[in-house]
Amino acid sequence: MLWRMLGRSDERVVAGPRHGAVVRVTHWLTLVAFVALAIRGVEIVFSHPRFYLGETGNVNMKPLFTLPVASSRDTVPTAYRYVLPDQNGWSRALHFEAAWLLLFVGVVYVASGLWSGRFRRELRPSGGAWDVLRGYLRLGPMREEPVRSYNALQRAAYAAVVFVAFPLMIWTGLAMSPAFTAVFPWAPLIVGGRQTARTLHFFLTWGLVLFVVVHVVMVSTSGFVARMRGMITGGAHGDGGAA
Amino acid sequence: MKSFSRRKMLWTGAAAAAGVAGLVEAPKLMRRAGILAPDCVGAYGPGEALTYAASRIIAPNARAREFSRSWISTTPFANSTYGPIPAEFAQQKAEGFANWKLSVSGMVMHPAVFSVGDLKQMGRSSQITEVACEEGWSYIAEWIGTPLAKMLDEVQPLGPARYVMYTSMRDGWTDLIDMHDARHPQTLLTWGMNDGDLPFGFGGPLRLRLPKQLGYRNVKYVHQMVLTDSLKGFPKGVGLADPANGYSWYAGI
């Protein structure tokens with residue numbers, strides 16, 4: 001179980017989970033942006049809780065699936081008799097402002113990660129991610145934790161979020177923009193159309209939310225205070241690499 | 001923690017001052033360049049400003065995606081309109097919109113009133129483009145109309161004119177675009193759809209089609225256009241599809 005991690009964290013706390021200033025600042029700004037983006041994500045779904053594949057989709061077309069929720073539009077058939085209030089105006093603005101924040105933060109984070117060699121050092125796949133997972137789930141022996149860096153499962157998870165999920169989020173998001181696709185018409189085409197991009201955007205959101213939940217659970221069960229200190233002040237002990 | 005050296009502090013201070021000065025000056029420079037969205041105020045102002053400026057800087061003259069005939073939706077969706085129907089509109093509808101007029105006034109050399117027939121005389125353009133609603137749904141149709149640029153050539157905007165404001169007779173819905181969007185070759189005063197007349201539900205007899213932006217700016221039943229250099233003196237929230245809910249002026253994303 002995950003709780004086994006609780007008693008195992010001491011040696012790493014002493015070694016000092018440390019993060020540099022760039023990682024700490026971009027981490028929390030990313031959280032701010034992600035929450036803002038996700039608020040809009042929840043909100044917009046209610047104005048059309050139907051999802052499609054392909055380029056086009058509307059209430060006259062058969063959806064891929066429909067969420068069993070009420071809608072903020074009376075033009076959308078749902079199982080409910082009421083129509084939710086329209087909150088699309090401000091939440092749109094919030095979404096794109098947060099998207100800009102995320103873009104700037106992302107550029108700084110990626111440039112710094114490449115420049116400093118941090119990506120190569122900390123996020124390069126180290127093999128054995130499944131063994132670590134099996135250990136956490138008690139399906140196999142617990143692997144020894146690296147003291148000053150991430151284990152194979154962490155590397156795989158963080159690399160997937162940084163190099164796969166976020167770029168795909170930005171891509172599928174922009175693939176819905178009529179002005180962006182005017183310049184880059186292949187953006188929606190390559191994933192199968194504008195509505196497919198929208199559907200992927202929806203599932204990617206859940207993927208990232210799932211990551212956040214697991215991430216917070218893991219932090220909470222492996223020395224919460226020390227890990228928060230590591231991500232806020234950088235940690236007080238030692239001068240090891242980011243962990 | 002390392003202590004700051006005096007030099008580092010000076011450089012940091014200078015950089016911060018330059019940053020603040022840049023942020024203060026940026027809107028002025030953007031306004032001068034004509035790439036500042038008119039609704040860049042409040043908490044969401046920076047985002048609005050960045051989004052519109054980016055669209056104008058990256059590829060200002062890009063054309064919205066056009067599709068081949070086989071992509072035309074067989075089941076397009078005509079969104080609802082709301083509110084009481086004004087008597088004037090009911091009258092027009094009873095006449096089958098045969099006497100529909102578009103009045104153009106404001107900062108133009110030749111204010112004019114055009115019938116749909118007059119517009120057809122000015123030029124015809126068609127495009128197979130997607131209507132995408134901010135809610136998420138979409139469809140593709142062929143849109144046939146007169147490029148707004150052709151109509152502007154007739155009325156001749158005065159030098160200072162910066163915006164074209166357009167109003168729906170159905171519900172008074174008002175929006176405005178800047179001269180850049182107004183002159184874009186795909187911006188159409190649309191009177192036809194899929195080889196026929198523009199059906200009532202899709203905005204017939206006259207709809208402004210702006211395919212590089214989302215549906216809510218593609219106002220239906222347009223009967224009035226005013227060219228202006230400023231939004232002062234016009235109803236509050238002009239340029240916002242629904243001011244109460246704060247829809248953004250620019251909807252290219």
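Analyst: **A strand and its partners**

Let's start with one pair: Leu188(B) has Arg209(B), in β9(B), as its bridge partner. Before going on, note that this is a predicted model, in which local features need pLDDT of at least 70 and side-chain atom pairs count only at pLDDT 80 or more, while totals for chains, interfaces and linings use all residues. Residues are numbered from 1 along each chain as its sequence is written, and chains are lettered from A and ligands numbered from 1 in the order in which they are written.

The strand to look at is β7(B), residues 188-193 (helices, H or I with at least four residues, and strands, E with at least two, are DSSP runs numbered from the N terminus). With β9(B), residues 207-209, β7(B) runs antiparallel, and three bridges join them (strands pair if DSSP finds at least two bridges between them). β4(B) is another antiparallel partner of β7(B), this time over five bridges. There, Ile144(B) sits opposite Gly192(B). Gly192(B) also has a bridge partner in β8(B), namely Asp197(B). β8(B) covers residues 196-197, and its antiparallel pairing with β7(B) has two bridges. Two residues separate the strands of that hairpin, where Asn194(B) takes a positive phi near 50 degrees.

How many residues of β7(B) are buried? Six of its six, so to speak a mostly covered strand (buried takes 20 or more other C-beta atoms within 10 Å of a residue's own, exposed 12 or fewer, partly exposed anything in between, with C-beta atoms placed from the backbone).

Now for the surroundings. β7(B) is among the elements that cover the buried residues of α5(B), along with others including β1, β2 and α4 of chain B (contact here is C-beta atoms, placed from the backbone, within 7 Å). In α5(B), residues 148-155, the buried ones are Leu148(B), Met151(B), Leu152(B) and Val155(B). Those four cover an arc of only 105 degrees around the axis, which puts them on the same side of α5(B) (the arc is taken from the directions of the C-beta atoms as seen from the helix axis). Just past α5(B), Gln156(B) has a positive phi of about 55 degrees.

What about the nonpolar core? The largest one has 55 residues, and those touching the most other members include Leu189(B), Trp191(B) and Tyr166(B) (a core is a set of buried Ala, Val, Leu, Ile, Met, Phe, Trp, Tyr and Cys joined through C-beta atoms within 7 Å). β4(B), residues 138-147, gives the most to this core, with five residues. A second, separate core of 23 residues includes Ala98(A), Leu200(A), Tyr44(B) and Ala64(B).

Among the buried residues of α2(B) are Gly47(B), Leu50(B) and Tyr52(B). The buried residues of α2(B) pack against elements of both chains, including α3 of chain A and α1 of chain B.

Key:
Two residues are in contact if their C-beta atoms, placed from the backbone, lie within 7 Å.
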